[in-house]
Amino acid sequence: MSSFPGSPRTVPGAIVAVDPVSALSRVAVFQYNPDEVTRTLRPRAPSGGGAAEVDRVYGAPTQTIAMKVELDATDGLESGDAVAVATGVSAGLAVLEMLLYPSVARVVANTVLLAAGTIEVLPPRAPLAVLAWGPGLVVPVRLESVTVTEQAFDAATLVPTRAAVDLSLRVLTYDDLAPTDPAHALFLAHQTVRERLAAVAGVQGVARLAQGA
């Protein structure tokens with residue numbers, strides 16, 4: 001963050017995983033915001049299909065988001081931060097990785113149920129993960145992959161002190177979620193924001209055309 005007076009405050013991006021049955025949410029706040037965010041949107045295909053249906057819109061498009069998050073413990077090591085000294089960037093990596101894991105408590109509970117003779121034990125539901133990338137992009141997501149590249153290590157303990165994490169996320173829309181799911185309303189709110197932005201851009205475009213006429 002810049003120290004110059006009047007410089008804009010940097011808002012960090014984050015992924016927040018909210019578990020309704022747990023008091024603790026898994027919050028991955030980006031130490032440094034990615035320089036690039038790649039969003040790929042594809043129209044949703046029909047289950048069947050024919051020539052008469054090519055002009056129909058089958059719900060919200062599928063959208064994937066790719067970004068690289070960097071973690072660096074250098075500042076913490078220089079200032080003597082206890083977490084940085086003991087773990088480097090391992091704690092930050094663990095937060096991102098745990099977004100793909102069920103909790104140990106749920107695994108143990110399911111194991112006990114199976115050992116007790118329960119016929120069917122359903123896999124635990126994943127917590128609601130939300131990507132917060134400023135007010136213009138707050139969407140429910142599912143992590144598709146987390147690729148960790150550890151780039152530097154402490155010589156004495158070999159804990160990583162610098163790493164880059166490539167994240168691939170799939171946006172969950174109202175076509176993926178039950179109407180009672182809080183994420184259903186969250187995506188509707190996101191689409192409402194995008195529609196309003198598109199309307200503003202449309203008005204600006206008409207105004208520019210009129211000025212040039």
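Begin by selecting helix 5, residues 182-212, where H190 is found. Helices (H or I, at least four residues) and strands (E, at least two) are DSSP runs, numbered from the N terminus. Residues are numbered from 1 along each chain as its sequence is written, and side-chain values use heavy atoms, with hydrogens and water left out. The model is predicted: local features need pLDDT of at least 70 and side-chain atom pairs count only at pLDDT 80 or more, while totals for chains, interfaces and linings use all residues.

**Around H190**

H190 is buried, with a relative accessible area of 8%; buried means under 20% relative accessible area, exposed over 50%, and partly exposed in between (1.4 Å probe, protein chains only). Next, select G136, L137, V138 and V139, with which H190 is in contact when its neighbours within four places in sequence are left aside. Contact means heavy atoms within 4.5 Å.

**The whole chain**

Now display the whole protein, which has five helices and seven strands. From the N terminus on, the order of the elements is β-β-β-β-α-α-α-α-β-β-β-α. Of the 213 residues, 23% are buried. The protein exposes about 14000 Å², of which carbon and sulfur atoms supply 60%; accessible areas come from the Shrake-Rupley method with a 1.4 Å probe, and for residues only the protein chains shown count as cover. Among contacts between residues at least 6 apart in sequence, 60% join residues at least 24 apart.

**The largest nonpolar core**

Select I15, L131 and L167, the residues with the most contacts inside the largest nonpolar core, which has 27 residues. Such a core is a set of buried Ala, Val, Leu, Ile, Met, Phe, Trp, Tyr and Cys residues joined through side-chain atoms within 4.5 Å. Two or more residues of this core come from each of strand 1 (14-18), strand 4 (62-72), helix 3 (90-98), strand 5 (128-132), strand 6 (138-153) and strand 7 (160-171). Strand 7 gives the most, with five residues. Centre the view on L167: beyond its neighbours within four places in sequence, its contacts include I15, F30, I65 and L96.

T161 is buried, at 12% relative accessibility. Then move to L158, in the loop between strand 6 and strand 7. L158 is exposed, at 61% relative accessibility. Its phi is near 65°, a positive value in a residue other than glycine. Most residues other than glycine have a negative phi.

**The second largest pocket**

Select Q31, L71, V89, A91 and G92, the closest to the centre of the second largest pocket among the 19 residues that line it. About 290 Å³ of space lies in this pocket. Helix 3 supplies the largest share of the lining, four residues. Strand 2 (26-29), strand 4 and helix 2 (82-87) are among the other elements that give two or more residues to the lining.

On a 1 Å grid over the protein atoms alone, a pocket is an open set of points where a 1.4 Å probe fits, with protein on both sides within 12 Å along at least five of seven lines; lining residues have an atom within 4 Å of a point.

**A last stop**

Finally, select G134, in the loop between strand 5 and strand 6. G134 is partly exposed, with a relative accessible area of 32%.

Key. Points joined across faces, edges and corners; volume = space filled by probe spheres on them.
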